[in-house]
Amino acid sequence: MSEKLDHTAQPSDQSIALFLQDNDMDGLTDILVEALFQALSIMDDETVYETVH
């Protein structure tokens, strides 16, 4: 099973650096929260395919 990940929504290192440089913690927090939700969603999808012994 192969999953395609959508990397277009992921911010570049440069854009993260700009948030830090501009001291825009709200924008950076939004990016980090979205990344966390995506990671948890992927993990949740993977547990559906696991079997419990």
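**Charges, loop and surface**

A: Patch residues have over 30% relative accessible area and no salt bridge, with like charges joined within 9 Å and nonpolar side chains (Val, Leu, Ile, Met, Phe, Trp, Tyr) within 5 Å. A salt bridge is a Lys or Arg side-chain nitrogen within 4 Å of a carboxyl oxygen of Asp or Glu. This is a predicted model: local features need pLDDT of at least 70, side-chain atom pairs count only at pLDDT 80 or more, and totals for chains, interfaces and linings use all residues. Residues are numbered from 1 along each chain as its sequence is written, and side-chain values use heavy atoms, leaving out hydrogens and water.

Q: Is aspartate 30 buried or exposed?
A: Aspartate 30 counts as exposed because its relative accessibility is 53%; the cut-offs are under 20% for buried, over 50% for exposed and partly exposed in between (1.4 Å probe, protein chains only). Aspartate 30 sits in helix α2.

Q: How many helices and strands are there?
A: Two helices and zero strands, counted as DSSP runs (H or I, at least four residues; E, at least two) numbered from the N terminus.

Q: Where's asparagine 23?
A: In the loop between α1 (13–21) and α2. Asparagine 23 has a positive phi, near 60°. Most residues other than glycine have a negative phi.

Q: Which residues make the nonpolar surface patch?
A: Val33, Leu36, Phe37, Leu40 and Met43, covering about 500 Å² (Shrake-Rupley areas, 1.4 Å probe, only the protein chains shown counting as cover for residues). Methionine 43 is in helix α2, residues 25–48.
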